[in-house]
Amino acid sequence: MSFTAHVKYFFKATASFSCLLWLTLLFFSSNVFAKQISGVVVNEQGEPIDNAAIQIDHDTTKVFTNAQGEFSFTDVKEGKVELHISSKKYSHKNQTVTVTADEISKVNVVLFKSVMEVVDVYATPLHASSIESALPINVVSADELKMKQAATLGETLKNEVGINSSYYGPVSSTPVIRGLDGPRVLITQNGLDVGDASRVGPDHVVAAETTTATQIEVLRGPATLFYGSGAIGGVVNIVDGRVPTSSDTEVDYLLQYNDVSNERQASANLQTGTEDVAFHVDGYWRDSKDYKLAGPAETEDEEGGYDESADYKLANSSSTGNGATFGSSYLLDNGFIGLSYGFMNREYGIPGHSHAGHDHDHDDDDHADEHSDEEEHAEEEVYAKMHQDRWQMLGEYNFEQGFITKVAGKFAYSDYNHQEIEEGFVGTTFTNKSTEARLDLYHQNYFDWQGAWTVHYKNSDFAAQGEEAFSPPSKSTMLALAWLEEKHFGSVLLQLGARLEQVNIDVEDSIVGFEGDHDDHDDHGDDHDNMLASFDTQDFTPISASTGLVWDYQEGYNIGMSLAFSQRAPSAGELFSFGPHIGTNTFEVGAGFDIHEEDGEIHVESPEQAPRVETSLNFDLTFRKFNGDFGYVLSAFYNQIDDYYYQNNTGLFYHDDHVDTAEHEGALPIYIYQQEDVVMYGGEAEFIYQVTSGFTATVFSDYIRARLVNAEVNDNLPRIPPLRLGGILDYQAESFDTELSFTHYFAQDDIAERETSTDSYTMVDAYFNYYIDGIGDDFIVYIKGQNLANVHARVHTSFLKDVAPLPARNISVGIRGSF
């Protein structure tokens with residue numbers, strides 16, 4: 001499809017979406033009835049709380065209390081409404097109010113002190129905060145996000161409870177949630193898929209930037225009801241203001257330098273507007289060189305140590321990146337509709353890979369033009385260039401009366417391109433053109449039940465072309481219907497939901513096999529033996545259902561429980577991969593094939609059993625205490641997954657178009673996707689104690705065990721995170737704050753067949769913020785240090801753990817502020 005055709009398609013789809021949204025608004029619109037709710041928010045001592053946030057039901061509009069703790073809503077519908085009240089350093093509270101023809105005034109709300117940070121969550125369609133969800137939720141926002149922000153999403157979130165990183169050097173890392181990643185963890189931007197290829201392989205960077213985000217939310221456990229089968233292991237939602245919902249003028253900025261990789265970065269956000277129109281623009285830039293290592297074990301001297309002054313660096317680990325977003329919204333009295341456009345570029349080395357022996361057509365003008373600066377990348381034999389254009393539309397409208405109380409619509413179109421370049425020439429190109437639309441309809445309280453229906457559509461046109469295109473071009477389409485309901489029974493919140501999907505995966509015809517498996521033919525004849533001549537279109541119908549409850553059994557305490565039945569359709573890569581994968585240094589074979597040895601020859605055939613959906617039964621239990629000077633969150637989970645797709649090491653090796661049982665130099669181990677039943681269970685714990693008004697201590701830990709149910713010898717799954725134990729000491733003063741953290745990663749000995757164990761290590765990190773008055777609203781000078789003990793550490797969840805250890809001791813200095 002030509003560029004012009006894509007533009008026409010995009011605007012036609014956008015126009016259709018806009019018309020659908022506005023027709024829905026007109027259909028359900030009704031007269032406004034001017035009812036009013038007013039009241040006051042106080043603490044336990046009866047003192048007013050200033051700047052507490054109050055919102056009604058699913059409405060995203062908030063009002064804030066004044067210095068006397070007073071608030072007021074106008075134009076409120078009749079009937080029962082639920083007020084959600086929250087304030088910094090206080091617990092969240094829900095309060096039901098019955099609105100009649102008379103004004104409701106002097107609603108008294110008492111909030112209790114809380115050591116837990118309570119943040120509203122946008123990842124779920126119904127209102128929730130970080131402490132009132134049936135599933136455990138991580139939320140990183142505000143200054144905490146600025147301090148944890150790293151070049152990749154995985155490294156930004158790796159220290160959150162229950163979350164690790166797939167660490168592919170500093171250039172590409174994705175989050176690992178409870179041992180699951182790849183196609184089981186959905187990464188979204190404002191609730192819509194980021195539309196990249198990060199779930200195809202660990203060397204593909206996530207097409208989202210954390211420096212311009214306002215908060216990042218992680219749902220640990222199945223989020224299939226909200227997002228579909230691609231979120232069977234959890235979801236990471238990156239929230240930003242690219243489609244603004246307020247015209248208040250806000251500016252924030254950041255400048256930072258890091259010494260371990262000579263990294264320089266800058267970012268800025270601007271939001272402004274008029275009474276009816278809001279504007280947003282943001283941008284970022286980052287440049288880093290190869291990063292320093294803490295001295296590999298093979299360099300030990302006679303006394304068992306190593307020279308810390310030596311300049312050990314990981315070759316091919318440099319990167320550059322930049323991007324910008326422009327957005328605008330039209331603000332209504334009861335909603336908004338807005339559109340944004342953003343682009344991002346990333347160029348980064350692929351550590352641990354060298355393909356000097358590959359032949360390239362140096363006379364190909366198209367290839368010669370791909371890399372104009374050969375001198376700069378003289379040492380980077382293999383690197384990647386990524387570019388994405390993304391359009392996003394968001395809109396919602398709230399109704400004062402009528403059966404439908406709110407309509408929310410989302411639409412996104414992404415055009416993603418990833419090139420893997422060897423010695424200045426394009427070896428493989430990955431593209432993904434994705435379209436996604438979602439419409440949520442919220443109904444009024446019906447016998448005190450609140451809920452919403454969702455219609456969700458997603459289309460992905462993925463292609464890989466080149467000498468290392470391990471997966472054929474494919475088109476994946478998903479259409480889903482979902483229904484979610486919740487009701488308060490006194491102190492218990494009950495949630496019920498169900499989702500039905502139809503997934504279609506269509507791939508181009510292709511002939512696969514190793515040399516000697518079949519003769520050369522000009523077409524797809526029927527006389528081919530030991531190969532698969534063509535791929536069949538695959539159709540799946542995943543279903544999901546869940547029930548969850550949150551029981552506030554005592555003031556400041558609750559229990560969250562969730563039971564979820566979820567199914568996942570496999571990705572095209574899991575089904576149809578067949579070829580060398582540069583990112584993992586393996587030869588990948590999909591579940592749509594079978595490899596076996598017969599009479600000394602390796603044969604590729606269709607599997608005896610057709611690929612099936614992955615089925616998960618997950619139980620989650622969470623205990624929380626969030627009032628007072630001591631708080632905790634304790635979570636335990638058990639996840640039984642039938643027909644789990646995993647990569648099994650066949651013990652065979654691929655080299656120069658031949659397969660052998662013996663390993664040779666440059667040979668790639670052959671991994672094949674297989675389906676087996678799996679159980680995964682574990683727990684997470686976080687304890688927070690406010691020692692004094694300024695001093696806080698935190699202890700946390702997480703553990704996961706994952707094994708194959710029917711394994712005869714070794715039942716361990718590969719790359720499962722080890723037990724982790726950590727502590728944080730935080731001190732907050734009037735003009736500065738500082739934090740010191742320790743995280744111990746235990747040795748991982750529960751390893752899969754042909755996998756190697758990983759030693760234990762302890763990371764020590766710290767930061768210091770100094771606040772300077774008189775420069776805008778905020779002006780902060782900061783310094784942060786990571787791996788202060790300068791340990792040589794390898795990440796067990798990484799495909800490159802033997803090639804790319806964590807960086808050496810590194811210090812970052814910077815400034816950030818707002819006005």
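Reply: We can begin with a loop: D448 is found between strand 22 (425-446) and strand 23, strands being DSSP runs of E with at least two residues, numbered from the N terminus. The model is predicted, so local features need pLDDT of at least 70 and side-chain atom pairs count only at pLDDT 80 or more, whereas totals for chains, interfaces and linings use all residues. Residues are numbered from 1 along each chain as its sequence is written, and side-chain values use heavy atoms, with hydrogens and water left out.

Me: Why is D448 called partly exposed?
Reply: Buried means under 20% relative accessible area and exposed means over 50%, with partly exposed in between (1.4 Å probe, protein chains only). The relative accessible area of D448 is 33%, and therefore D448 is partly exposed. Its phi is near 70°, a positive value in a residue other than glycine.

Me: What makes the pair of F71 and F73 edge-to-face?
Reply: Rings of Phe, Tyr and Trp (its six-membered ring) pair if their centres lie within 6.5 Å, and planes under 30 degrees apart count as stacked, over 60 as edge-to-face and the rest as tilted. The centres of F71 and F73 are 6.4 Å apart and their planes stand at 75°, so the pair is edge-to-face. Both F71 and F73 are buried.

Me: How do you know that the rings of F578 and F587 are edge-to-face?
Reply: Their centres lie 5.4 Å apart with the planes at 85°, so this pair is edge-to-face.

Me: What makes K406 a charge over the ring of Y442?
Reply: The rule asks that NZ of Lys or CZ of Arg be within 6 Å of the ring centre and within 35 degrees of the ring normal. The charged end of K406 sits over the ring of Y442, 5.0 Å from its centre, and R438 lies over the face of Y227, at 5.8 Å from the ring centre.

Me: Which residues have the most contacts inside the largest nonpolar core?
Reply: A nonpolar core is a set of buried Ala, Val, Leu, Ile, Met, Phe, Trp, Tyr and Cys residues joined through side-chain atoms within 4.5 Å. The largest has 32 residues, and those with the most contacts inside it are Y291, M386, Y761, M763, A793 and L806. Strand 20 gives the most to this core, with three residues.

Terms used. Helix = DSSP H or I, 4+ residues; strand = E, 2+ residues; numbered from the N terminus.
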